[in-house]
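This report looks at pockets first, and then turns to the strands and helices around them.

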Amino acid sequence: MLSSKRLQFRKMVESDIEKYHSWRNDLDVMKTTSTSLDLYSLDETKNFVENVIFNSTSSKSYIIEEKESDTAIGVTSLINIDTKNRNAECIIDIGEKKFWGKGYGTEALKMLLEYAFLELNLHRVSLRVFSLNDRAIHIYNKLGFEKEGVMRESLYRNGKWHDIITMGVLKREYMS
């Protein structure tokens, strides 16, 4: 199990599905991370978890747990893991809003990157972020991610078009 001062990662289990479902259907949580703001039935979430999270051979997903209270606060994943080229994409969602703005996302992402670079020996980790998500962009820049590309005006939110930014960090950049 991966852990830091305040957090630990653990594999998602079936009893987490309802909590994950509540995050997946919370528009405040999803408006800055999900391109579609669809609401999902519990069965749809169960199918997603079983097919994408539990049975994927190209991803590793973890529940982010706050140690002191043993509270599941979010989920993080390395997806599209390419072992030949040593690349992956990362995803992070802090689903419990009372934990927002307290550094948990940064701490969890540091843990994930250390795992990616030191344990999986990846060379590069990338992510996609919406241009309207200033808080996340600040964190990613702070952790060494560089802007690599822009999918211009590919997200429509609140009556406006927004870009989706691709960012990446190399192992040597993160480790320095």
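## Second largest pocket

The second largest pocket has a volume of about 420 Å³, where a pocket is an open set of points, on a 1 Å grid over the protein atoms alone, at which a 1.4 Å probe fits, with protein on both sides within 12 Å along at least five of seven lines; the volume is the space filled by probe spheres set on the points. Its lining comprises 20 residues, and Ile94, Gly105, Arg135, Ala136 and Ile139 lie nearest the centre, lining residues being those with an atom within 4 Å of a point. Two or more of them come from each of β4, α4 (104–119) and α5 (134–142), these being DSSP runs, at least four residues of H or I for helices and at least two of E for strands.

The model is predicted, and local features need pLDDT of at least 70, side-chain atom pairs pLDDT 80 or more, whereas totals for chains, interfaces and linings use all residues. Residues are numbered from 1 along each chain as its sequence is written, and side-chain values use heavy atoms, without hydrogens and water.

## Largest pocket

About 850 Å³ of space lies in the largest pocket. It is lined by 38 residues, with Thr33, Ser34, Ile79, Ile91 and Asp93 the closest to its centre, and β4 gives the most to this lining, with 5 residues.

## Sheet

An open sheet of mixed pairing is formed by 7 strands in the order β1-β2-β3-β4-β5-β7-β6, two strands counting as paired if DSSP finds at least two bridges between them. At its edges, β1 (7–11) and β6 (146–157) each pair on one side only.
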